[in-house]
Amino acid sequence: MPEQTEAQVVLRLDQITKTFGALTANNAVSLALHKGEVIALLGENGAGKTTLMNILFGQYTADSGTVEVFGKPLPPGNPRAALEAGVGMVHQHFTLAENMTVLENVALGTQGLGAWRFDARAARARILALSSDFKLAVDPDARVGTLTVGERQRVEILKALYREARILILDEPTAVLTPQETDDLFETLRKAVALGLSIIFISHKLHEVMAISNRVVILRHGKVVHEGPIGETDKRDLAARMVGSEVSAPKVEPGTPGPAMLSLKAVSTPDRGAAPGLKALDLDLFAGQITGLAGVSGNGQAALADLIGGMQGPSAGALHLKGIAPQGWSPRTAVHAGIARIPEDRHKTGTIADFDLTENAILERYTDAPFSYKGWMYWRAAQDFARSVIERYDVRCPGPGTRIRLLSGGNMQKLILGRVLEGAPEIILANQPVRGLDIGAVNYVHSQLLAARDRGAAVLLISEDLDEIMALSDVIHVISEGRLSPPFARGTMSPTELGVWMAGQGFEEMAHAS
Amino acid sequence: MDIIDILLSASFWTAAIRIASPLIFAVLGELICERAGVLNLGIEGIMVAGAFAGWMAVYSGTDLWTGVAVAFAVGMLFGLVHSTLTVPFGLSQHVVGLGVTLLATSLTYFAYRLFLPEVTSPPKIEAFQPFEIPLLSDIPIIGPALFNQTPLTYLAFISVGVVAYILYRTPLGLALRAAGENPAAVAAQGLSVTAIRMGAVIAGSGLMAVGGAFLTMSAFDSFFFEMVNGRGWICIALVVFGAWRPGKALLGAILFAAFDALQIRVQQTPMGADIPYQIFLMMPYILSILALIVMSRRAEVPAALMVPFNKGER
Amino acid sequence: MRLEPIANPSALRTLAPPALAISATVIVASLLAMAAGANPFAVLGEILKGAAGSQFALLETLNRATPLIFTGLAVAVAFRAKLWNIGAEAQLYAGALVTVVLGTGALGWPSAALIPTLIIASLLAGALLLLVPALLKVRLGVDEVVTTLLLNFIFLLFVSMLLEGPLKDPMGMGWPKSPRLIEEARLPRIIEGLRLHWGFGIALIAAVLVWVIQARTTLGYEMRAVGLSRDAARFAGIPVGLVLIKTALLSGGLAALAGFSEVAGLKGALTLDLSPGFGYTGIIVAMLALLNPLGVIAAALFVAGIFVGADSMSRALDVPTYLADIMLAKALLLMVLAILLTRFRVVRE
């Protein structure tokens, strides 16, 4: 552990304030990062973490306050300045060009654009050297599109190191990793710290924060509400400070399982590019039960969600609803069969940004009475429906005529919840239902899912967040490369044990056993 | 067989290369735009404007190469209009492109009437003449086809090499390709997506205009309305056919031009005389559509083509 | 620089950008008029006079607006679903072609039967012509912009071939021109003695019908959903491909009516100069109308007025008539920019 008071300050944010209209995103935020230190930056969605980082990286200009790197002030509003001063950022959503090689992605923008020749040989040598120094194994000539999520993250880190970053900022880096990959990442980070780098670690996974950081800074409503060494605090305390009060996650009682509502028998779907399809997969969703699907993203979750959501039929095997194979399989038959679909991406597939709330509310059911009859729309009925959803699901908005683009993520998700839950569905497909929501909205969504389960719905919860899966699910399956693990009952598996399955081990033995 | 005779004649291949030349410039121009992520439907109008501007400059007394430069500059100007609307403002590339085509075409016709109010048939200029490259032009068939052309044709071929080199061998080309694949990756490395995309559209539009200028300054020696006649749209099909690669696009342009040269010659054979000439004139357009259909299954479209980038969003 | 959506645009913000777009267009036109050595006020005055200065001028403008309403509607319908139909020109000729094929004596029916038949036949011809690119797009992912554009050239050559072959008027003194329609196939005038034919009335009815389809039917809802987000529409269970095909049939049919109405209402025969680019101008009309079917009527009148006015201005002042095209292209570009600025504000960061 470095001597913080004496160590050199490498990055200093001083009294940063930034407002967007009436909203104060950052309010006099100050932060000092020392050499060889790991700071955890905590805060809910909307607490101002992203804005702060965008100011540091010149995407926004602060209203007031200064940024200093290695004692030199950064000119505001210049995206290059932070990079050139030695600050590297690993975004939560990777910024990689998939059709290009690792080398091209890493070296992009590092050689002068006026240069007459791109020096690939020097770049390759340097990447290989960095890979071995920091234990970041990756093939420089591989196309990024063929890499796993973990490997892509290594490419992102390499990008920063290649630019001689002395300060690394990682935004939710473990969200997409297995517990084992997370351990590898931490090893790389410890190596980096040992070599004199400094790190800001943005996360909401408190046990990881405890494991890797020296100091913690908590933002709430744009203000620093807590700052102190990690040793002087615990997870409960941090969580409470983050939301401003004791966190009241919904209490989860075990569900009482009923009959199988949806069964997949040896179902396969074709691969889609680098994303695997399903491989002879068996799954039963029981009434009154939440089935959690854990796994590293890109291992067939999308294929399973598309199958159950009616976007794609099986290429082999059978899908049964309450024991009966449906006639034809499309989104419309799925909806009419009583499947509530909460899509992974509420902006891109769940809603139409420039439709108003009424038009979005009836998106799945516009062909049904009372919204339309023989091809004619009945807008009054649609509006009444939208109003009732807004009221019953507490969607904060000016009215049903508002374009949904203007709503926050949480309110958008509440509209989707209302849209699909109003028909008292028997099966609920919840794909990443709380991604990007603040804790209030997260708790709301979770309590709605639990309520639906308690009235007898079969829920499939797909999430990359293992904590969420473990908290809510009555049984857990792990998916890896399109294969499904056996069901694990609540509380029978530790995160590490699940991580082994998430990393793709155990499936072979299972195949032999059967 | 008539067709075999035609295919073996040097004059046929000479004509094919001549027909290909304007397409090569314009295809390269479009390819640069699309590789950076911007579809430029202004191509048809920009070619019209380039054809007029280069020719008009020479008619007004400049030398031929200055005329080419003028055409390039005029193309860049329209590229600036296009890219300003499509890149920082992120407006529909379809609508803006068509708007630029309409604007460039109508401005050109207006300027033509303005400068030459009284003429019934357009005046001629002293156009580029074929320049025979010693020795190389003596090779049978391909010698005259490749090495007895006007300097602008040579420039077209050189441009293919230069564009390919820039795209694949320089840091600038890497950044340009990345802007067409994932602009966020470019922005994250501290480069300006706006500058790269606008630069690509402006430079690409300049090349399109030179393609137009080839028509009035090398293929012919005068400017006519309807002269470009859909060549710009054909070039958009050729970019797809060439899978967004300069070398393949060059091959596509030559193949296409060879078909065009062939139909002109078949028209003059006894067999061709019985077929309405419109059928022959349709061939380039039909071929373009067929090329699109054939390539539709395996086109390697730049991933961010037509996707505007707004750095505030994520 | 960044664009930020605006929650509730004020009336000023909604109206200012189009107003600025039109002013900027007028300013550019004035500069060009000065370049041509004319007084810009005189130019604009002459355009106005030529477009609406007399009963004759006004009727001329209405006649010119008629095909533009049809092609404008065709484009508006297609663009709303983000189906980029740039082939209205060819579809127009397809409508004109079947009109002369069936209306020059092949069907010797009375008007009451013949005219509806010609309308339906034109609709079908245009629909079929756009069906090909639409199927290529839906089935194979072939970009419809290029295919519809190229089809314009192909179809015009096809018409040219027919006009010099089987469809050539034996009395045409060698000109590539079809025989004249029989009297029963001609559209009557709306008011006896005034040079305005029923094509204009049909265009207005078509605009209202399209508006009803878009605002009040499930098909309209589907077309808008598909246009705004293919992914969300597909997820919601909207049959995206089928909606695009239906849109194509409607759009192609509307454009073909322009050809029918020009031949049956105005020209009486088919020649290769039937349309001075009505299909392309339809794009400008549709965009100026913000893709609203009722707005198309107003936009078509505006555009037709500029064309008709520019013609007479050109005769009076010797300024090239292409000034009209420049004004409209400029207006198109500024209009799309204006639309953006009513809904987003530019934030400097």
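1. Helix α7 (residues 151-169) of chain B packs against helix α12 (residues 246-268) of chain B at about 155 degrees, and their axes are 9 Å apart. Axes here are lines fitted to C-alpha atoms, for helices over the stretch in contact, and angles run from 0 to 180 degrees between N-to-C directions. α7(B) and α12(B) are therefore roughly antiparallel. That label applies over 145 degrees; under 35 is roughly parallel, 65 to 115 roughly perpendicular, and the rest oblique. Helices (H or I, at least four residues) and strands (E, at least two) are DSSP runs, numbered from the N terminus.

2. Who makes this contact? From α7(B) come V160(B), V163(B), A164(B) and L167(B), and from α12(B) come P246(B), G247(B) and L250(B). Two residues are in contact if their C-beta atoms, placed from the backbone, lie within 7 Å. By class, the contact of α7(B) with α12(B) has six nonpolar residues, one polar and no charged. Nonpolar covers Ala, Val, Leu, Ile, Met, Phe, Trp, Tyr, Cys and Pro; charged covers Asp, Glu, Lys and Arg; the others, Gly among them, are polar.

3. A word on conventions. Residues are numbered from 1 along each chain as its sequence is written, while chains are lettered from A and ligands numbered from 1 in the order in which they are written. In this predicted model, local features need pLDDT of at least 70 and side-chain atom pairs count only at pLDDT 80 or more, whereas totals for chains, interfaces and linings use all residues.

4. Chain B also meets chain C. Here 41 residues of chain C are in contact with 38 residues of chain B. On the chain C side, β1 (2-5), α1 (11-35), α5 (111-140), α6 (144-164), α11 (278-288) and α13 (323-343) each give two or more residues. α6(C) gives the most, with 11 residues. The side of chain C that touches chain B holds 32 nonpolar, four polar and five charged residues.

5. Now chain C as a whole. Chain C has 13 helices and two strands. Its radius of gyration, taken over C-alpha atoms, is 21 Å, close to the 20 Å from the globule rule for 349 residues, so chain C is as compact as a globular protein of that length. The rule is 2.2 Å times the number of residues to the power 0.38. The C-alpha trace of chain C spans about 70 × 60 × 35 Å along its principal axes. Of contacts in chain C with a separation of 6 or more, 77% join residues 24 or more positions apart.

6. Of the 349 residues of chain C, 55% count as buried. Buried means 20 or more other C-beta atoms within 10 Å of the residue's own; 12 or fewer is exposed, and in between is partly exposed, with C-beta atoms placed from the backbone. G252(C) is buried, with 33 other C-beta atoms within 10 Å. G252(C) lies in helix α10 (residues 240-267) of chain C. Beyond its neighbours within four places in sequence, G252(C) contacts Q91(C), G126(C), A127(C), L129(C), L130(C) and L131(C).

7. Last, chain A. Chain A is divided into domain 1 (6-243) and domain 2 (260-338 + 425-513), with bounds from an automatic or database domain assignment. Their centres, over C-alpha atoms, are 33 Å apart. Contact involves 14 residues of domain 1 of chain A and 16 of domain 2 of chain A.
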